[in-house]
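Please look through the sequence and the model first.

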There are 2 protein chains.
Amino acid sequence: MEQEQNFLTLNDHLCFSIYACSRAILRLYRPYLDELKLTYPQYLVLVVLWEYEQSTVKQLGELLELDSGTLTPMLKRMEAAGLLKRSRDTKDERVIIVKITDEGKSLQEKALCIPQSLMDSTGMTTEEVNALNSAVKKLSKLVNE
Amino acid sequence: MEQEQNFLTLNDHLCFSIYACSRAILRLYRPYLDELKLTYPQYLVLVVLWEYEQSTVKQLGELLELDSGTLTPMLKRMEAAGLLKRSRDTKDERVIIVKITDEGKSLQEKALCIPQSLMDSTGMTTEEVNALNSAVKKLSKLVNE
DNA sequence: TAAAATTAAGTTGCGAACAATTTTATTAAA
DNA sequence: TTTAATAAAATTGTTCGCAACTTAATTTTA
């Protein structure tokens, strides 16, 4: 008896939908990010720092699911741009404390248009966005074991 | 009267959920992709070529939403790995025809485990996967105008 | 048909993303 | 307390992803 292969086409691939959607949102955000001279992952670092004021490389890595190989050079660029300050924790010299500057804080209001552009572009209600957000988070959680 | 700011935290950001989920799926796929000596976007190129046998750089770009700046070097690496052949279209010398090799075809069955790993890891039914796939595609479509 | 516009790939340059490794600091164990 | 193990960042190297630009071929239009 023949084995049914069930090869998936590109459009059957949930992974591709998510990967393409992520990049589509970045394209939508780009003009707003350009205006603020930010990249998308830099914007995410600021979202964390607007909430917590300061953090460590390790904590940023846990929140954003990025490692020091990605964060270290990015944080150096953001420091050079005046958005944050990096300093050693005197209690534990292995740790780098990342603290937002006034200049970094000043971008928070200007950045409101970024997530708003996604709402505007999709016309989704807050409830619809939250429902999809929950579904995607649930998937992530399962994938992360 | 005060203006309510409603700054979003990281977890409220649908864009972040999708971006993080996309990378979580890549982490899940990595061991299977490593086994086949493929990167994720290379796998996607093969998914297209398994379906269509051959394509052009332009068509691959439309299907995968990638530009020639990404595709040209990637396709050259895949050609060097023996997975596909690149040749000029004699009818229009601007066009590059990308055709899968027998070696590239031989990976199709071995790659079945890749999308399967996502099903296994999430325990989602085909119906649940399809529903989420549709929701994400709908979002992408809206974002792409 | 000659010039202008358009199109398809390719090139260059930069910033992620991440694996693998190294460096330095702290903690645990012998 | 010296050594071993662990931990946090940093470094190195490869591959995307994409903006901006270039090259070469084709099509349009003047």
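In this predicted model, a backbone N or O atom of K58(B) sits 2.7 Å from a phosphate oxygen of DNA strand C.

| Residue | Atom of the residue | Distance to a phosphate oxygen of DNA strand C |
|---|---|---|
| K58(B) | backbone N or O | 2.7 Å |

Two or more residues each are supplied to the surface near DNA strand C by α2 (40-52), α4 (68-80) and β3 (92-100) of chain A, and by α1 (14-35), α3 (57-64), α4 (68-80) and β3 (92-100) of chain B. By class, this surface holds 12 charged, 8 polar and 7 nonpolar residues. Sugar or phosphate accounts for 77% of the atoms of DNA strand C within 4 Å of the protein, and bases for the rest.

The second topic is the helix pair. Helix α8 (residues 126-143) of chain A and helix α6 (residues 113-122) of chain B have axes that come within 8 Å and cross at roughly 100°. An angle of 65 to 115 degrees counts as roughly perpendicular, and α8(A) and α6(B) are therefore roughly perpendicular to each other. L139(A), L142(A) and V143(A) of α8(A) make the contact with L118(B), S121(B) and T122(B) of α6(B). These contact residues comprise 4 nonpolar, 2 polar and no charged.

How values were computed. Residues are numbered from 1 along each chain as its sequence is written. Chains are lettered from A and ligands numbered from 1 in the order in which they are written. This is a predicted model: local features need pLDDT of at least 70, side-chain atom pairs count only at pLDDT 80 or more; totals for chains, interfaces and linings use all residues. Side-chain values use heavy atoms; hydrogens and water are left out. Axes are lines fitted to C-alpha atoms, for helices over the stretch in contact, and angles run from 0 to 180 degrees between N-to-C directions. Helices (H or I, at least four residues) and strands (E, at least two) are DSSP runs, numbered from the N terminus. Angles under 35 degrees count as roughly parallel, over 145 as roughly antiparallel, 65 to 115 as roughly perpendicular and the rest as oblique. Contact means heavy atoms within 4.5 Å. Ala, Val, Leu, Ile, Met, Phe, Trp, Tyr, Cys and Pro count as nonpolar, Asp, Glu, Lys and Arg as charged, and the others, Gly among them, as polar. A residue is near a molecule or strand if one of its heavy atoms lies within 4 Å of it. A polar contact is a pair of N or O atoms within 3.5 Å; within protein, one must be able to donate a hydrogen and the other to accept it, and residues adjacent in sequence count only if both atoms are side-chain atoms.
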